[in-house]
Amino acid sequence: MRTGLILPLLIFGCQTSPLPPVEGIAPPKPERPPGEILRYIERLGSKNATICLDAVEYLPYFGQEAIPFLIKALESENPNRRALAAATLAKLPHRDAIPLLIPLLDDPGALSLNVLSDDGETIHAAYPKGIPAFVAQQAKTALRAITGKSFRDRAKAEAWWNRSRGTFRVKKKPEQVPPLPTHAKYLRDVRICIDPGHGGDAHKLGYKRGLTYLSEAEVNLRVARFLRDLLVAAGAKVTLTRHGDQDLSLKERAKMASNHDLFLSIHHNWSRNLRAKATSTWYHLAPDQKPAATDLARFLQRNVFREIGLQEWPPEGGLMSDGLMYQSGFGILRNLPAEVPGVVCELTYYSNLEMERKLRDPAFNRQEAYGLFLGLAEYFYYGLPHAKLISATSGELRFRVYDGLEGRKAWTKKYKILRDHILVGINGIRSNHAYDPETGILSVAHTLPPGTHRAKVTLINLHKNHSLPRTIPFQVPSRK
Ligand SMILES: [Zn+2]
């Protein structure tokens, strides 16, 4: 959430054009345009070493969807793009790439990259003569990955293709499916809004970037996509607030959280202490403002911390109030709908060189997402208590109380709500109540006039999970 260093390190060779948003990979959705893939394809042609090599690492994430764009990029005017598209296709083997890779075996195109001098004052070519015939070399590597054959020259490859094109099939590698722990089944049908922090800032030199020019917005989006894929695989309903390098106001993002059970904003942190790396998870103002958000924060914090292998545990458990940063808290949390608990997770620090190096690696981004995923799974595994209105008469309201652990083959249904911690509010005013743990019935005597009113019941179950901050509207009938 903090301001990044302004360090125009390397030539930012990638021009981002305004492209339509993209949803990423699985599960396929009809409305998904390929904007984000195109942005990475663009980057393959960059002269900035970190930018184009990062694209080679990340493009395989898009899987089958990226293949037609990579194949098209083999015909690009830009030799960097031709070579690095071939290098990426080596990781995404597809037979359609073969006829376009074969002519590249003759391609004299060199790799030409720029880096920064040791004193940071001049930008110069990484290889003054380039790497000659680099395109040909990458085409050869890609053909070997796709066909399993190493061709001495173009003529040999063409002869083989003429013989084999009718029968050749790419050997499919088994897909790597991340392990879903058994408690992930409690994520089924939950609605989660994920907000990849920032965006629309790729063109701003030095904005929220690390020392080697990693963009926070970009890493936030990668982690969000990986998390989305895991959640969807577990049966959750997921909304991402942005799908590409888009600028969205905090209000717009917060509004998208309506009709979701939870909101999670994904960020990476910056500090002038270049050694800082610990995860922190931020709730809005006070821990009991939306107690469900604090519960969620606790599960996210410890799972992320463990999963990304950080050793130094933060002194106060890493849960922080956004009131420490701004008197009225973070705009994103302040603007959330009253019924949606939300947190901001600062996964680690991109200002730390060691962490920035890790954050460049999509495998590490996947690990961060897996930590968040485990936190969400654990949160729902422990059940969300809730109350259901069963009757509203002119003198009394009756609710049935649930501990959120129904259907778990428990020995008993009783006593799993902390009875001394039940709170009932009617129209925002605390009310007395009576709770019978034998029947699970909560009754509230009232003297309300006829008409529409609102009740809010806050419950805690034995795992210390709070109910979501839901409002229950009800009608008091007129006395007859
Ligand atoms: Zn941020």
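I began with helix α10 (residues 291–307): at 1.5 Å a residue its 17 residues should span 24 Å, and its end C-alpha atoms lie 25 Å apart, which agrees. The expected span is 1.5 Å times one less than the number of residues. Helices (H or I, at least four residues) and strands (E, at least two) are DSSP runs, numbered from the N terminus.

A note on the source: this is a predicted model, where local features need pLDDT of at least 70, side-chain atom pairs count only at pLDDT 80 or more, and totals for chains, interfaces and linings use all residues. Residues are numbered from 1 along each chain as its sequence is written.

**Around α10**

I checked burial next, and 15 of the 17 residues of α10 are buried. Buried is 20 or more other C-beta atoms within 10 Å of a residue's own, with C-beta atoms placed from the backbone. Just after the helix, I found G309 with a positive phi of about 70°.

Which helix packs on α10 at about 140°? I found α13 (residues 362–381), with the axes 7 Å apart. Axes are lines fitted to C-alpha atoms, for helices over the stretch in contact, and angles run from 0 to 180 degrees between N-to-C directions. That makes α10 oblique to α13; oblique is what remains after under 35 degrees (roughly parallel), over 145 (roughly antiparallel) and 65 to 115 (roughly perpendicular). I listed the residues in contact (C-beta atoms, placed from the backbone, within 7 Å): α10 brings, among them, L296, F299, L300 and N303, while α13 brings residues including Y370, G371, L374 and E378.

**First sheet I looked up**

Four strands form an open sheet in the order β12-β11-β15-β16, with antiparallel pairing. Strands pair if DSSP finds at least two bridges between them. I noted β12 (429–431) and β16 (472–476) at the edges, each with a single partner strand, so one side of each has no neighbour in the sheet. Neighbouring strands here are turned by 35° against each other on average, direction ignored. Five bridges join β15 (residues 451–458) to β16 in the antiparallel sense, and R454 stands opposite P473 in β16.

**And another**

I also traced an open sheet of four strands, β9-β10-β14-β13, paired antiparallel. Its edges are β9 (386–392) and β13 (434–436), each with a single partner strand, so one side of each is left without a neighbour. β13 and β14 (residues 441–445) run antiparallel, joined by three bridges, and I saw Y435 opposite L442 in β14.

Methods
A residue is buried if 20 or more other C-beta atoms lie within 10 Å of its own, exposed if 12 or fewer, and partly exposed in between; C-beta atoms are placed from the backbone. Two residues are in contact if their C-beta atoms, placed from the backbone, lie within 7 Å.
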